[in-house]
Amino acid sequence: MCALMAHNIECVAVTNYQGDEPALDSSLQRSCLETQLMVQCCQRASAMARSVDKSIKPITHLHLECLMKQVEMILEGSFCLPRYFFQVLQSTSVKLAITPQPRVNGEYLSVQSGSQLSVKVEGVIQHGSQPDRFRSVSGVVLTLSSQLTSRLTIDNKNIPMKPGDGQVVLQQSVTPHRDFFTGQFLLALGCGGQHQVTVEAAVQDNSGNVWTTGPRSTLTVKTLEDASTSRA
C-alpha cells in the first residue's frame, strides 16, 4: 500500500519516471476479509492512477485531485493490522521506594556540606497477565544523578556557579530476586547549595537490551556550607 502510493506520487512529481508499479501478491486474495478489502482498495487506487494522462505536464490540479482521491480511497478501506498493534500482550512496570525522604512532602533534605548522603533504592517488578511471554527481566539498571541548582549566599553575596558544578552521575546494575531488588548509593555533596537528586530505573532483558521503563523519583537536597569554607 505504501509502495503503491510512493510509486504514484513519483509518477506525477518526477519527469520521465521509468519505475515499475509494485505488484500485489495474488496470494493475499485468499487471506482474511480485512486483507482482501485492503487489496481491493489498492487495486482501485492503481487503476485510478493509470487513468490520468501522463502526457500532461507540468503538474496540474488533475494530478493532485487524483492523488487525493487515491488517499481517500485507501483510508476508507479496512486495515489488516495484527491485534498486537492495539493490544498489549506483555507489560512490565517498576515501583521504587527511595530512602531517605523528607518529613513533609515537597520539602528538602538537609545535609552538611562535605558529607556523604546514603541513598537506598528498593523496588518491585510488576508483570501483566502474561509475564515472560516474549522476554524476561534479568536485571535492573539504577541511575542516580545529582545537579546543583543554586548556590548558597554567604554574607548576602552570591557565589557564582560554574558549568558542571555539583554534577554527579552514579549507576549500578542489580539482580532481582522474586521480582524484588535493592541498591544503595553513596553520594558526595561537596558544594553548598540546593541539589536535585534523581533516581531512575531501567529494565534489562535476558538479551542484554536495556528498556527505559522508569519510573523516576526526585529528591531536593540542601547542603549547608560553613562561612569560613566559602570565604576561603
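Arg216 and Glu200 meet through their side chains in a salt bridge, with 3.2 Å from N to O; the term means a side-chain nitrogen of Lys or Arg within 4 Å of a carboxyl oxygen of Asp or Glu. This pair ties together distant parts of the chain, with Arg216 in strand 9 and Glu200 in strand 7, 16 residues apart. The model is predicted, so local features need pLDDT of at least 70 and side-chain atom pairs count only at pLDDT 80 or more, while totals for chains, interfaces and linings use all residues. Residues are numbered from 1 along each chain as its sequence is written, and side-chain values use heavy atoms, leaving out hydrogens and water.

**Salt bridges**
- The structure holds two salt bridges, and one of them joins the side chains of Glu122 and Lys120 at 3.8 Å, N to O.
- Arg216 is exposed at 57% relative accessibility, whereas Glu200 is partly exposed at 28% (buried means under 20% relative accessible area, exposed over 50%, partly exposed in between, using a 1.4 Å probe and protein chains only).
- Glu122 is partly exposed at 34% relative accessible area, and Lys120 is partly exposed at 35%.

**Nonpolar cores**
- The largest nonpolar core has 23 residues, and Val119, Val121, Leu142 and Phe181 have the most contacts inside it (such a core is a set of buried Ala, Val, Leu, Ile, Met, Phe, Trp, Tyr and Cys residues joined through side-chain atoms within 4.5 Å).
- Strands that each supply at least two residues of this core include strand 3 (116-127), strand 4 (137-151) and strand 6 (180-188); strands (E, at least two residues) and helices (H or I, at least four) are DSSP runs numbered from the N terminus.
- Beyond its neighbours within four places in sequence, Val121 is in contact with residues including Leu96, Ile98, Leu142, Phe181 and Val199 (contact means heavy atoms within 4.5 Å).
- A second, separate core of six residues includes Leu4, Met5, Ala45 and Ile74.

**Two residues to look up**
- His63 sits in helix 3 (residues 61-76) and is buried, at 7% relative accessibility.
- Setting aside neighbours within four places in sequence, His63 is in contact with Val12, Val52, Asp53, Ile56 and Pro58.
- Pro100 lies in the loop between strand 1 and strand 2 and is partly exposed, with a relative accessible area of 24%.
- Not counting residues up to four places away in sequence, Pro100 touches Leu109, Leu117, Ser118, Val119 and Leu219.
- Pro100 and Val119 are 19 residues apart along the chain, and 6.5 Å separates their C-alpha atoms.
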